[in-house]
Amino acid sequence: MTEARATAPVVFVSYAHDNEDHVRAVVRLAKLLRRSGIDVLLDQWADQKRIDWALWVDQTMPAADFVLVIASPEYNRRAMEQVPDDEGWGSRYEAAMLRELLTAERSRWKARILPVLLPGHEIGEIPRFLQP
């Protein structure tokens, strides 16, 4: 982005709830982004009332300027459909939507979906469909 933006970029954060430490690391990243002037869409900040999560994702993810995919072993397993049907619904749904967006509008979405490796994680944790 070469020209100044009138509004803050909107970033949707997609991740799996691997464990408490991982979730805390994701929240720390989201807070850092907010302090840097980025409008962050994070599930934990949207759950103040009962909502339809699939509808929330359907409405917020495509409207975001960028989607950060926080790589982890669980996100990768769920994105690659290597878990039982009753496990990891949220991250599985988000990964499926990302795959669909890349399929339908690759030129538009390729630059907007950004895999992120937090400290201690490896490239192999990024789902294959998001790797170069």
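Glutamate 81 sits in the loop between helix H4 (73-79) and H5. Helices (H or I, at least four residues) and strands (E, at least two) are DSSP runs, numbered from the N terminus. This is a predicted model: local features need pLDDT of at least 70, side-chain atom pairs count only at pLDDT 80 or more, and totals for chains, interfaces and linings use all residues. Residues are numbered from 1 along each chain as its sequence is written, and side-chain values use heavy atoms, with hydrogens and water left out.

**Glutamate 81**
- Glutamate 81 is not a glycine, yet its phi is positive, about 55°.
- Its relative accessibility is 45%, so it counts as partly exposed (buried is under 20% relative accessible area, exposed over 50%, partly exposed in between; 1.4 Å probe, protein chains only).

**Alanine 8**
- Alanine 8 lies in the segment before strand E1 (10-14).
- Alanine 8 is partly exposed, because its relative accessibility is 33%.
- Leaving aside residues up to four places away in sequence, alanine 8 touches Gly37, Ile38, Asp39 and Asp65 (contact means heavy atoms within 4.5 Å).
- From alanine 8 to glutamine 82 is 74 residues in sequence and 36 Å in space, C-alpha to C-alpha.

**The largest pocket**
- A pocket is an open set of points on a 1 Å grid over the protein atoms alone, where a 1.4 Å probe fits, with protein on both sides within 12 Å along at least five of seven lines; lining residues have an atom within 4 Å of a point.
- The lining has 15 residues, with Trp53, Trp89, Gly90, Ser91 and Glu94 nearest the centre of the largest pocket.
- H5 gives the largest share of this lining, five residues.
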